[in-house]
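Subject: Structure for your files

Hello,

Here is the structure I said I would pass on.

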Amino acid sequence: MSTPTSTTPECIWPLEATLGEGPVWHPVEQMLYFVDIKQHKLHRCDAHGGQRQTWDMPGETGFALPAESGGFVCGLAGKLVHFDPATGTFAPITEFEADRPGNRLNDGHVAHDGALWFGSMDNAETAASGALYRYDGALGSGLTKHDDGIIITNGPAFSPDRKTFYHTDTFGKTVYAFDVTAEGTLANKRVFAPIAEPGWPDGSAVDAAGNVWVAVFRGARVLRYSPAGELLETIAFPVPNITKIAFGGPDLKTAFATTATKGLTAEERAAAPLAGGVFAFPVDVPGLPQHMIGFVK
């Protein structure tokens, strides 16, 4: 049984992003980064929404995740690039999906070993051309595919013990769980949580107790599930499109949520003036530390 929370998310940056996505707490800088996919932007602010900065990106960027060597690995359509915010320069890492020209990259996650897990999707949101990948560059096997045939991929994340991997089929309205093998591949795909109306499951994050937090696009809420898949909590938002949360702050006990104005009518925009803003709310259980990408030297 879901228990509604008394927590009221606070908008810390009302920037009206078209498709705010991919929040990530930078563990060294102690700053929040996130993208606006449709506006080709990378944004940064502190835990309170201050010290704001924005960079232009060369295309629709699904994620920007921090690298150990500095800068970010960014997911653009059919490729990964390294971005150095200090110089504004982009360097190619790898290209793929030349046979899927309608795709772009969507959500990403850094594993404990420094490898990148990410998904692609049909940018028109109609064809089941999206796939789930792992990329470890010079660390090992390069690019490997672990799931396929999905219109919109979302929410890659690991459990704290690294034995369970979560991945979301947004239009299938389902969060799936996989076993992680000793070799680091995925097995035993199964339903972890079907998402009820209204809305579609978007990005997710896992906290230190193994609870899985799922943002719901067009659902005006974030859901918290136990590791067994029981719905524990529903956090209501004053805007319809919640895209993903990330845990941050000095103690990792602040949840940051990106949102979007994409698809909203003029009437819906008027009723939700904070749509597209970045929100924050406190949590009792801290999130997991953000890992850094290890394959960029």
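By class, how many nonpolar, polar and charged residues does the lining of the second largest pocket have? The lining has six nonpolar, three polar and five charged residues. Please keep in mind that the model is a predicted one.

The second largest pocket has a volume of about 210 Å³. Its lining is made up of 14 residues, and those nearest the centre are E125, I152, D202, F217 and K262. Strand 11 and strand 19 are the elements that give two or more residues to this lining.

The largest pocket holds about 540 Å³ of space. There are 34 residues in its lining, with H109, L288, P289, Q290 and H291 nearest the centre. Two or more lining residues come from each of strand 3 (20-26), strand 7 (63-66), strand 11 (103-110), strand 15 (153-158), strand 19 and strand 23 (241-248). Sorted by class, the lining of the largest pocket has 21 nonpolar, 11 polar and two charged residues.

Now the glycine. G203 sits in strand 19, which covers residues 200-206. G203 counts as buried because its relative accessibility is 0%, and the cut-off for buried is under 20%. Leaving aside residues up to four places away in sequence, G203 touches D107, N154, G155, W213, V214, A215, T243 and K244. Between G203 and N106 the C-alpha to C-alpha distance is 9.5 Å, although the two are 97 residues apart in sequence.

Regards

Conventions: Residues numbered from 1 in each chain as written. Predicted model: local features only at pLDDT ≥ 70, side-chain atom pairs only at ≥ 80, totals over all residues. Heavy atoms only, no water. Helix = DSSP H or I, 4+ residues; strand = E, 2+ residues; numbered from the N terminus. Buried < 20%, exposed > 50% of the residue type's maximum accessible area, 1.4 Å probe, protein only. Contact = heavy atoms within 4.5 Å. 1 Å grid on protein atoms, 1.4 Å probe; cavity = no way out; pocket = protein on both sides within 12 Å on 5 of 7 lines; lining within 4 Å. Points joined across faces, edges and corners; volume = space filled by probe spheres on them. Nonpolar A, V, L, I, M, F, W, Y, C, P; charged D, E, K, R; others polar.
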